[in-house]
Amino acid sequence: MLKPLLALALLASVSSMAGAEEIGRVSTVFKMVGPNDRIVVEAFDDPKVEGVTCYLSRAKTGGVKGGLGLAEDRAEASIACRQVGPIRFKGELKDGDEVFKQRTSLVFKTMQVVRFLDKKRNTLVYLVYSDRVVEGSPQNAVTAIPIAPWPQQ
């Protein structure tokens, strides 16, 4: 019974890592058994907007459950997106497009980043929030990038 559960936890943790690169981490709570609770900083590129990278910081629960991928991470997150090169759109943008999604519990909870285009101000707006199958969280963070010409060298 324990082996299939461990395999499922490992698969969930591996699949949830796709698309983000861990930039760094700090421990926040020491755990005697299993990994410490920590804050991780991850980076991911917007799949439809070349030249934009987002940085997401979020809490990761440690301990035995966290080490096995069975713990539920907190809903709080912070996001900062930046223009890192010339901005080029890869297809049509739709308001509320999902840019990034990652599991924060074994089955029921995810953290998502969605993008909006503020045409009036020529700005890309990114929102991070957490949701659950039954009830999400109102905690969120937002960042914006004015679409500016990139200097030619």
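**The disulfide and its surroundings**

Modeller: Let me start at the bond between C54 and C81: the torsion about its S-S bond is about 105°, so this disulfide is right-handed. The sulfur atoms of C54 and C81 sit 2.0 Å apart, where a disulfide is taken as a pair of cysteine sulfur atoms within 2.5 Å. By that rule the count comes to one disulfide. C54 belongs to strand β3 and C81 to strand β4, so the pair ties together parts that are 27 residues apart in sequence. Both cysteines are buried, meaning under 20% relative accessible area, with exposed being over 50% and partly exposed in between (1.4 Å probe, protein chains only).

A word on how to read these values. This is a predicted model, in which local features need pLDDT of at least 70 and side-chain atom pairs count only at pLDDT 80 or more, while totals for chains, interfaces and linings use all residues. Residues are numbered from 1 along each chain as its sequence is written, and side-chain values use heavy atoms, with hydrogens and water left out.

For orientation, the chain has two helices and eight strands, arranged along the sequence as α-β-β-β-α-β-β-β-β-β. These are DSSP runs numbered from the N terminus: helices are H or I with at least four residues, strands are E with at least two. Of the 153 residues, 33% count as buried. Contacts here are heavy atoms within 4.5 Å; among those between residues at least 6 apart in sequence, 47% join residues at least 24 apart.

Now back to the bond and the residues beside it. I79 touches C54, and its other contacts, leaving aside neighbours within four places in sequence, are Y55, L56, V113, Y126, V128, A141, V142 and T143. I79 also has a leading place in the largest nonpolar core: of that core's 19 residues, V52, I79, V113 and Y126 touch the most other members. Such a core is a set of buried Ala, Val, Leu, Ile, Met, Phe, Trp, Tyr and Cys residues joined through side-chain atoms within 4.5 Å. At least two residues of this core come from each of β3, β4 (77-89), β5, β6 (109-118), β7 (123-132) and β8 (140-146). Strand β3 gives the most, with four residues. As background, nonpolar side chains tend to be buried together in soluble globular proteins.

On the C81 side, T143 is worth a look. T143 sits in strand β8 and counts as buried at 9% relative accessibility. Its side chain reaches the backbone nitrogen of C81 at 3.4 Å. Such a polar contact is a pair of N or O atoms within 3.5 Å; within protein, one must be able to donate a hydrogen and the other to accept it, and residues adjacent in sequence count only if both atoms are side-chain atoms. Outside four places in sequence, T143 is in contact with I79, A80, C81, R82, L124, V125 and Y126.

T53, found in strand β3 (residues 49-60), also touches C81, along with A43, F44, D45, A80, R82 and V84, not counting residues up to four places away. T53 is buried at 8% relative accessibility, and a polar contact of 2.7 Å joins its side chain to that of D45.

P146, in strand β8, is exposed, with a relative accessible area of 52%. Its contacts beyond four places in sequence are Q83, N122 and T123. The C-alpha atoms of P146 and N122 are separated by 6.1 Å, although the residues are 24 apart along the chain. N122 lies in the loop between β6 and β7, counts as partly exposed at 39% relative accessibility, and has a positive phi of about 55° although it is not a glycine.
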